[in-house]
Amino acid sequence: MPQIFTASADTRLRAVLFGIVFAVIVGMLFLGDILSSTYSTRVGWVRDQPVPFSHKHHVGELGIDCRYCHAGVEIGAEATLPATHVCMTCHSQIWTNAAMLAPVRESLAQNKPLLWHRVARLPDYVYFNHSIHVARGVPCVTCHGRIDEMPLTVQAQTFQMQWCLDCHRNPAPRLRPADQVTRMDWSDWDHHPERHDGFGEAVMQAHHIDSTKLIDCDVCHR
Amino acid sequence: MSAPSPENYAVVTREVDTIPIAYPHPVIWAICFGAALVLFTLFLIGVGATFRYGIGMWGNDIPVGWGIAISNYIWFLGIGHAGTLISALLLLTGTSRRNALSRFAEAMTLFAVICAGLYPLIHLGRPWLFYWMAPYPNSMTIEPQFRSPLAWDFFAVLTYLTVSALFWYIGIIPDLAAVRDRARKRWQQVFYGLLSLGWRGSARHWARWDEAYRLTAVIAIPLVVSVHSEISLLFAAGPIPGWTSTVFPPYFVLGAAFSGFAVVSMISVILRHALKLGDLVTERHLDLLGKLLLATGLMTAYGYWSEVFDTLYGGDSQELATLHDRIAGEYAWSYWGALIANFVPLQLLWWKRFRVNPWSLFLIGLAVAIGMWLERYMLLVVTLYRDYLVSSWGHYHPSVWEWMIFVGMIGVFLAPFLLFVRFLPVISAFEVKAAIFKGEEPRHA
Amino acid sequence: MSVTGSDELARILAAEHPALAPALDGVARRSLLKAMAASLALAGLPGCDWRPDDDAMPYVNTPENVQPGRAKWYASAVTLNGIAQPILGKTYTGRPVKLEGNPDHPLTRGAGDVFLQAALLGLYDPERSQAPRHLGRPASWAAFDAAMQANARALDQVQGEGFRLLTGAVTSPTLARQIGDLTRRWPKARWHVLEPTREDQRIAAAQLIFGKSLDLHFQLDQAETIVSFDDDLLGPGPRQGVQARLWAERRRAFQAGQGGSRLLVAEPTPSLTGIRADRRLVASPRAVADLVQALALSLGIHDAPAPTLSATAQEWLGAVSRELSEKRGRSLVSVGPWYPPEVQALGLLINEKIGAFSKTLRLIAPIQALPPDDRSFAALVADMEAGRVNTLAVLDANPVYAAPADLVVRAAMDKVPLRLHAGLYHDETAALCHWNLPLEHDLETWSDARALDGTVSLLQPLVRPFYSVRSRHTLLGNFAGGSPEARTVVQDTWRQTWGSDFDARWRDALYSGFIAGSAEPFVTPTVTNRTVIAPPRPLSQALTLAIRPDPTLWDGRFATNAWLQELPKPITKVTWENVIAVSPALAEANGWKNGDQLRLSLEQRAIQGTAWIVPGQERDTVAVTCGYGRDLESGAGQGGYNAFALTATQEPWHRSGIALQAIGDSETVATTEPVHAMDGFDFVRRVAAPGASVAKESKAESFYPERKPDSPAWGMSIDLDLCIGCNACVTACDAENNVPMVGKDLVAHGRSMHWLRVDHYAEDPDEEPSFAFQPVPCMHCEQAPCEMGCPVNATVHSSDGLNLQVYNRCIGTRTCSAYCPYKVRRFNWFDFTGNDPEPIRAMRNPDVTVRQRGVMEKCTYCVQRIRAARITADIETRDVRDGEVVTACQQACPTQAIVFGNILDPQAAVTQRKANARDYALLEEANTKPRTTYLARIEPLDPVERGEG
């Protein structure tokens, strides 16, 4: 009877089996990577907007406080986007004819809202409240990154549950003086831990923040 | 055809190992397989509709959130138990009676477990998220909730599936090799050649094989017990009258074996007839099955009795109400149906005459299979449709889609099983030969 | 794409949301788009990114003190039978999402009912008529105005000869003023009122003995003994909220051991009042009238021959007169508005005898503006038939549907050359009118209305109208050829009354929602006529028909309101239709079962309905309710039968000589509670005296470690002694939590989605059962079986003791529901929300997740409110105050039977409630340690039963 299989058949079979197992493992790892990649989290992606608004210019260079435009941040859940009128308070004086600002003038003239595309987008099913975070001294930069260095605004963090929980499980290191929440550059703070030793813990003491209660599901999901 | 004798093992080989190569009645087989495929299609349609529009397509409601999906899950898994139980137990006890039965019993186990495993998935409200039942690293940093019986179902079914598949496959390798050696057509040679993983029957192969086979058997035994005990917690863990009971684990395991043996008896009778294996699956095997059936049946009956006794002895008003609903409620038919189908025909098995007669055995097996299905249905529905608060009493009538999926599921079971019968050695020929060699396998008059 | 008045959007809207298409005509577009912008952005129209929240649209110019994402509350009112139900409306960026009773209102103090709660859905109702029509075809307001001006000029010539105005009940001072002006300008024009469920027989009774019409005010908080002759004091209607609140005040005092609270009721068919009664006598309508006679006789009010009473009736009457004599001046007798003026008058005289006047029974000048001839609707129809009417203006009334059947309105309509219909819906009357003029809903209009005590509420718009609609006041002006602006009309009324300090008072009134001190003063009436002889009743031993307003659809005006359609009737728990209620004995005798189709015929007319056996109904009484069998253009509200087809002008509520037979077939009725017997269990516990304590079961051991509650530990207490089963809590819950409505078939299939249900129990014997109500929300067990059962951590326990349901984690194994001893969990069997029309999306509460198909949901203790309160408290660095978190059901409960709070705070109301001896846990034996517990019903034996009588 003629041989069907060469002597090396066993080896090849083993190789194939091993290959399959290997492929599965690698495939899973790869999938995991995709899901956590900036491709799916959209971190660092620029989106086209009606007006190429530059936070770098307005915040970084002109030093306008966040709350001037995002007026709701201290009183409500939403930080809110500025009304066209707020833009025009300045731009009725300066850059009055800049082509770049045409949509803004048009919006005011025709009483049409500007239509922005959200950059920092909350996942579905999540209720986030700006006011309480600001009141407790979670600085803007923690979630929104160095806005003052963004010519075009991009999402700075993944906004994945894991990321939220990192802070909710251990808030102390993230807390800053509540009167400086809009401050962007905290490098010296980070470099000199000894100057604010135990600050976070003190805040948590003062406001009876219990991190075990910060991870109740209903804190974010209702 | 002549009786097998120590002189010519060839007969066994011819009877068993030539089946895959040159199947005796291809036409009949094709018809059966076609029928199985039709059922399979029904399954796909039913599941498709459910996934498209939601579980609302089924008859479930509040209070009866679970229906025949879950009772079938338990039923199929129960059937699955017989195969491994028979093979592993008897292998370890060294008796060789199993040889003729083991192979297709194990195959049956395998496919029954697959059917069972599908049910929990399709009964989900959001089936596309089934993998949340598994612990895996995720961006939510959430794991399954390990106090829940369902979380353990996941492991139970997967483990059981893996082990029984291994057990079955290891067992079949030598015979695959035998088939390979007799294969004439090229594709057959390659096909069986690959499946038999280069088995050459050397002493080393046999030694390794024996080790591996016994090892899996040792793993399989405790699983048989643990898996269905765990499934029983699905009910026993709920604080609902009629469920919350400590007798459930053993009760379920025995019931499982009971229904399993019933189905094994049916299959062996059919195969014996269809493939003319009368002198391999002998009357002694049928007798054995009959006895196992009777034994497990009686133990199951004890479970029934103890449940009733506990209720009456405990005297909890809610439990009593549930008992009353079982024997006289809207679904009393399922209780009495189970009682009668399970235990009345069973009594015939006290007489050898009925044990060794294929047809009586087949019919009794059928009755038990139906009876056990009714029992699962009864345990689930009767408890749910009327629990504590009168105000939330309800009803449950399976919708056409549920029946479609059920019938289809039988196709999901039959289709692969028929393929197995057609293309793989249904009986462990080499073991039979060994038995003959040891002189354990008698001649026929 | 941009959400402004672009034609592009108009096109998309028309294509995707037909409900809105008509509204895109002219004037309304802007306001529509303003109102809808946010929700459109949510809905995700073509061109947007797949993520629904992709686009952000800031205001062009932020309105004063509007903070997106932050609720604003406005005080206003909705009306029922023209009577104001004061509300606070919660709005998000200009969209009302929840209504609550106005707690500052002097009369209601925040008490409300199902109709108040469901008014919100009425505003967004896609079935509303959304643009004017002429001869059935869409028309423009301009065309209408032109037509009216022409018509008005013609009428001016003849002093309004032939102009007839037909309205519903009017309490609005402004509307009354406008009508006055109209009739002054057109002396020959006439005004008629048709309000089917109005208490006009009561007004007539007052006429009879006081010589002038007066409104009755039952001071239930003063009445230690209340004798109700088939008067549903606690039942549905404009009086419910107020009277339930007052009764509850008395009841609470009684619970605290201060004075009594006795309720004796004689009635033919079970009512909320009867179920709450200490002694309930089952009596036919005739027997009830006789009882009033007999009582009057025993008090020597008249000397008419004594009617014959059954033994039980005499025994009951004995108890009544005993109680009345004991509690002189602290007792009250009330006769149902269903009874003829003479019987009512006797009731008044009895009250005078027992010293109830200006103590437990107060009288005020009627709050309704009435036409000179109050009951002139029949006259109107006669005139129409005689062709004396050439312009009929129907303002918010539906004569074709609701008129007594002995008046052939349909035929009469044809004889009128010009027929105008102004209403919220394109209803039966609209179908017969030349002009259909869509009205503004109470929540989007400027108007005013009076509460029961006459206190005037200002109605201010919570949202700009998003359909092409006009207000009552504008339309009334239009009829006369003018085109006044509603707001100015209302302001004019009050400018006249207030003169100089108008601006300040107007602002106050808008802020508080009512005009302080505008209540009618009490009058101490003088009885001018004591010789009241109740007319001889037709002595028919055959069946008597009792017609009542429907507890959920009222007179049919709510027929398109899914919240009310799917709201289980308090007693039968039937949804989506009205049934023919028959007594167990009658059903027995005829072999009827629940669901059998019956043919109920009276004179030439007949209706076909579904038989429903009601324990505790008088043997030979058949009870039906109005409001169903609508014939709307949209096809909504078709379930059930129209009981108005059986009414008659002279005897609207009780008819004799009816015939009833089964027509063979049977149908499934969508009921949420198939069985009402408690089966000997003690789900509802009872004690014999206020102080008494319920039997406590010995604490069972648990395998689970004890949970150490951590403050705040939220808990709820429900007082079954105060619960009247009115369902307000259920509707409030639906509104607050975006609970989907699933329709008749799915309800019948056991898939209703109410998070909170009010169980109704009727214990044997069938003839005189003992009733009880029990609201059942999620119990938030400390040892919750559901939490143990869930394989994916979708239902978990929070540190403050809530049993949380995390929708986005749920995969729908339904184990939690299987394990739940209380079966309070609800499952999304299908996608119940995906196909909601645009207005419904706009109505949703943004604080609560809209659940996806295949997930489990349940009562959350209004976790969104808890979180909001905690955030506020945290920002102010303090603990949440007691009463700061009010759940929707608690807020809506007119008797305050529900109390919620931190059970670890010894001062908290809930803690004190739970300390009460009547406190018990439902299904204690299940050992789930529920955070929701109940207070047992108090059912004291009365003297006779004590064997002292």
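Contact here means heavy atoms within 4.5 Å. The model is predicted, so that local features need pLDDT of at least 70 and side-chain atom pairs count only at pLDDT 80 or more, while totals for chains, interfaces and linings use all residues. Residues are numbered from 1 along each chain as its sequence is written, chains are lettered from A and ligands numbered from 1 in the order in which they are written, and side-chain values use heavy atoms, with hydrogens and water left out.

**Exercise 1. The interface of chain A and chain B**

Task: Determine how many residues each chain brings to the contact of chain A and chain B, what area is buried, and which residues form the salt bridge.

Solution.

Step 1. Chain A contributes 11 residues to the contact and chain B contributes 15 residues.

Step 2. The size of an interface is often given as the accessible area lost when the parts come together. Buried area is the accessible area (1.4 Å probe) that two parts lose on being put together, summed over both. For chain A and chain B this area is about 1,100 Å², with 63% given by carbon and sulfur atoms.

Step 3. A salt bridge is a side-chain nitrogen of Lys or Arg within 4 Å of a carboxyl oxygen of Asp or Glu. The rule finds 1 salt bridge across this interface. The partners are A:Asp10 and B:Arg200, whose closest N and O atoms are 3.8 Å apart.

Step 4. On the side of chain A that touches chain B, helix H1 (9-36) and helix H9 (161-169) of chain A each supply at least two residues. H9(A) gives the largest share, 4 residues. Helices (H or I, at least four residues) and strands (E, at least two) are DSSP runs, numbered from the N terminus.

Step 5. By class, this side of chain A has 7 nonpolar, 2 polar and 2 charged residues. Ala, Val, Leu, Ile, Met, Phe, Trp, Tyr, Cys and Pro count as nonpolar, Asp, Glu, Lys and Arg as charged, and the others, Gly among them, as polar.

**Exercise 2. The interface of chain C and chain B**

Task: Describe the contact of chain C and chain B by its residues, its buried area and its polar pairs.

Solution.

Step 1. The contact takes 53 residues from chain C and 51 residues from chain B.

Step 2. About 4,300 Å² is buried between these chains, and carbon and sulfur atoms give 58% of that area. C:Arg809, C:Ile811 and C:Arg853 supply 16% of the area that chain C buries against chain B, more than any other three residues.

Step 3. The count between chain C and chain B is 1 salt bridge. B:Asp387 and C:Lys823 meet through their side chains in a salt bridge at 2.8 Å, N to O.

Step 4. A polar contact is a pair of N or O atoms within 3.5 Å; within protein, one must be able to donate a hydrogen and the other to accept it, and residues adjacent in sequence count only if both atoms are side-chain atoms. Across this interface 28 residue pairs are in polar contact (both at pLDDT 80 or more).

Step 5. Elements that each supply at least two residues of the side of chain C that touches chain B include strand S30 (757-763) and helix H24 (815-819) of chain C. That side divides into 28 nonpolar, 12 polar and 13 charged residues.

**Exercise 3. Two open sheets in chain C**

Task: Give the strand order and the edge strands of the two open sheets of 4 strands.

Solution.

Step 1. Two strands pair if DSSP finds at least two bridges between them. One open sheet of chain C has the order S12-S11-S10-S13, with parallel pairing. Its edge strands, each pairing on one side only, are strand S12 (279-282) and strand S13 (331-335) of chain C.

Step 2. Strand S11 (residues 262-267) of chain C runs parallel to S12(C), joined by 4 bridges. C:Val265 has C:Arg280 as its bridge partner in S12(C).

Step 3. The other open sheet has the order S36-S29-S38-S37 (chain C), with mixed pairing. Strand S36 (898-902) and strand S37 (919-920) of chain C are its edge strands.

Step 4. Strand S29 (residues 714-719) and strand S38 (residues 932-935) of chain C pair in the parallel sense over 4 bridges. There C:Ile718 stands opposite C:Tyr934 in S38(C).
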